[in-house]
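Subject: Handover of a structure

Dear colleague,

Please find below the structure that I am handing over to you.

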Amino acid sequence: MRIAAMAAGAVGGYFGARMAAAGHDVFFIARGANLAAIRKNGLKIESVHGDIHLPKPNVTDDPKTVGPVDIVLFAVKLWDTEKAAEMTKPLVGPDTRVITFQNGVDSVDRIRPILGAEHTVGGVTYIATTIASPGVISHTSAFAKLRFGRSDKKPDDKLNAFVEAGKAAKLDIALSADIVRERWE
């Protein structure tokens with residue numbers, strides 16, 4: 001799968017790195033010191049589930065250079081939501097799914113008008129990660145779960161394919177039976 005991590009922080013960087021290590025075509029969107037460090041030293045994950053070092057990951061600060069992907073792991077700080085959603089537009093093709101993995105219950109409602117309801121998917125993650133230093137993500141919890149789904153609960157082949165790809169990458173990943181309720185929980 002073609003996946004973009006918007007952005008390559010503690011959540012997007014961790015799950016994006018796991019998918020890249022499993023052989024998927026992952027593009028990391030980063031900026032500032034994090035971008036410079038990843039370009040120079042690669043992306044490092046220090047984890048209780050095993051360390052990863054991606055020496056030459058696909059990293060950029062310009063989503064236009066990537067083009068449409070299958071899945072966007074939308075994991076930016078809530079205060080950057082609208083700006084990051086605008087930057088995400090070049091990553092979105094006819095069948096792209098943008099899955100929000102943000103704190104706050106209103107992220108879907110904030111990006112839906114920018115990226116379109118057909119592309120926007122609610123998600124939650126259960127993980128303890130931090131950026132230990134630019135280009136280095138520290139994962140300190142035994143848990144690292146991704147749950148997501150369409151608000152209308154309709155079947156979605158793209159999301160099913162992402163679940164299967166994530167399971168093959170040994171992620172704890174599943175579709176949520178009711179993502180609206182789960183986001184509030």
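Please note that the model is a predicted one. The phi angle of Lys170 is near 65°, which is positive although the residue is not glycine. Residues other than glycine mostly have a negative phi. With a relative accessibility of 75%, Lys170 counts as exposed, because exposed residues are those over 50%.

Lys153 shows a positive phi as well, near 65°, and is likewise a residue other than glycine. Its place is the loop between strand S9 (136–149) and helix H5 (157–168). Lys153 has a relative accessibility of 52% and therefore counts as exposed.

The peptide bond between Met6 and Ala7 is cis, with omega at about 20°. Most peptide bonds are trans. Ala7 belongs to the loop between strand S1 (2–6) and H1.

Helix H1 covers residues 10–21, twelve in number. From the first C-alpha to the last, H1 reaches 16 Å, close to the 16 Å expected at 1.5 Å a residue. Is this helix largely enclosed or open? Ten of the twelve residues of H1 are buried, so the rest of the structure largely encloses the helix. Among these buried residues are Tyr14, Phe15, Arg18 and Met19, together with Gly12, Gly13 and Gly16. After H1 comes Gly23, with a positive phi near 105°.

I turn now to the protein as a whole. Its secondary structure consists of six helices and ten strands. The C-alpha trace spans about 40 × 35 × 30 Å along its principal axes. The radius of gyration is 15 Å, which agrees with a compact globule, because a chain of 185 residues in that form would have a value near 16 Å. Of the 185 residues, 53% count as buried.

Of the contacts between residues at least 6 apart in sequence, 68% join residues at least 24 apart. Finally, the protein has 24 positive and 21 negative charges, and their mean positions lie 4 Å apart.

Yours sincerely

Notes
Residues are numbered from 1 along each chain as its sequence is written. This is a predicted model: local features need pLDDT of at least 70, side-chain atom pairs count only at pLDDT 80 or more; totals for chains, interfaces and linings use all residues. Side-chain values use heavy atoms; hydrogens and water are left out. Helices (H or I, at least four residues) and strands (E, at least two) are DSSP runs, numbered from the N terminus. The radius of gyration is taken over C-alpha atoms; the globule rule is 2.2 Å times the number of residues to the power 0.38. Buried means under 20% relative accessible area, exposed over 50%, partly exposed in between (1.4 Å probe, protein chains only). Contact means heavy atoms within 4.5 Å. Lys and Arg count as positive and Asp and Glu as negative; His and the chain ends are not counted. The place of a charge is taken as NZ of Lys, CZ of Arg, CG of Asp or CD of Glu. The expected span of a helix is 1.5 Å times one less than its number of residues.
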